[in-house]
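Dear colleague,

Please find below the structure that I am handing over to you. My notes on what was found in it follow directly after.

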Amino acid sequence: MKGVILAGGTGTRLHPLTRITNKHLLPIYDRPMVTYAIETLVRAGVTELMLVTGGTHAGEFLRLLGNGHEYGIDRLLYAYQERPGGIAEALGLTERFVDGDRVVVMLADNVVERTLRPAVANFVAQKSGARIDAPAHLAHLGVPELDGDGRVVRIHEKPDDPPSGYAVTGIYFYDADVFDVIPTLQPSGRGELEITDVNNWYVERRAMHYDVLEGFWGDAGESIDAYYEVNDFVRVHGANKD
């Protein structure tokens with residue numbers, strides 16, 4: 001299985017902290033934010049990674065991470081997203097790297113308390129399709145509607161009446177079909193290719209499964225308040241624990 005870490009975007013929700021750097025290079029407690037996503041995947045046994053970034057600070061990731069060996073990565077490649085075109089577009093840049101394999105995708109501003117190893121094992125055991133992770137519901141995220149049999153019925157974006165008590169994190173598992181889906185997508189009202197449209201493609205084929213994350217999950221890029229909430233949690237409790 002390959003791993004993809006998405007570290008692009010303009011970071012406007014963290015201004016003014018991001019005026020002079022990419023948000024994923026900001027510190028979480030005692031080290032750069034992006035290293036937590038790397039640690040999550042490496043500790044789950046995924047050691048071939050591609051990092052996708054963009055903007056004027058892309059070279060800083062190479063300076064920080066190098067060949068990745070210091071972080072337990074066997075093979076680290078980089079891709080450049082020329083403009084903010086959405087998560088699905090960024091994932092599409094990794095097709096040749098994934099090369100027909102399965103892939104786990106993680107947004108670099110997501111931080112988890114507990115290991116992702118069980119979810120990776122569940123996806124490996126899954127014959128095909130896709131998988132998402134879900135924490136307790138947060139209003140600004142997509143909310144999955146579940147069938148009680150381990151599958152997702154639909155994903156609702158920021159619903160007024162949530163169909164479940166869970167939300168979709170920035171951690172996604174896909175088979176190789178995802179790269180056939182992405183070229184068929186139409187840009188949303190934001191002018192981006194939305195990852196929710198990818199997920200709902202799998203949902204419509206009853207091929208989307210889910211895991212419920214244990215412990216804390218935080219989106220450090222959601223807002224200044226969320227950024228400091230994640231910092232405070234990691235400082236006291238740590239992250240990526242077995």
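Trp201 is partly exposed, with a relative accessible area of 24%; buried means under 20% relative accessible area, exposed over 50% and partly exposed in between, with a 1.4 Å probe and protein chains only. Tyr202, by contrast, counts as buried, at 1% relative accessibility.

This is a predicted model, in which local features need pLDDT of at least 70 and side-chain atom pairs count only at pLDDT 80 or more, while totals for chains, interfaces and linings use all residues. Residues are numbered from 1 along each chain as its sequence is written, and side-chain values use heavy atoms, with hydrogens and water left out.

Aromatic residues

The structure holds 6 aromatic pairs. Rings of Phe, Tyr and Trp (its six-membered ring) pair if their centres lie within 6.5 Å; planes under 30 degrees apart count as stacked, over 60 as edge-to-face and the rest as tilted. The rings of Trp201 and Tyr202 have planes at 85 degrees and centres 5.0 Å apart, so this pair is edge-to-face. For Tyr172 and Tyr174 the planes stand at 20 degrees and the centres are 6.2 Å apart, so that pair is stacked. Tyr172 and Tyr174 are both buried. One aromatic cluster is formed by Tyr172, Tyr174, Trp201 and Tyr202.

Backbone features

Most residues other than glycine have a negative phi, and most peptide bonds are trans. His15 and Pro16 are joined by a cis peptide bond, with omega about 5 degrees. Pro16 is found in the loop between strand 1 (2-6) and strand 2 (27-28). Helices (H or I, at least four residues) and strands (E, at least two) are DSSP runs, numbered from the N terminus.

Arg206 is not a glycine, yet has a positive phi of about 55 degrees; Arg206 lies in the loop between helix 7 (195-204) and strand 12 (208-212). Asn240 is likewise not a glycine and has a positive phi of about 55 degrees. Asn240 is placed in the segment after helix 8 (224-237) and, at 2% relative accessibility, counts as buried.

The protein overall

There are 8 helices and 13 strands in the protein. Its C-alpha atoms fill a box of roughly 45 × 40 × 35 Å, taken along the principal axes. Of the 242 residues, 53% count as buried. Among contacts (heavy atoms within 4.5 Å) between residues at least 6 apart in sequence, 74% join residues at least 24 apart.

With kind regards
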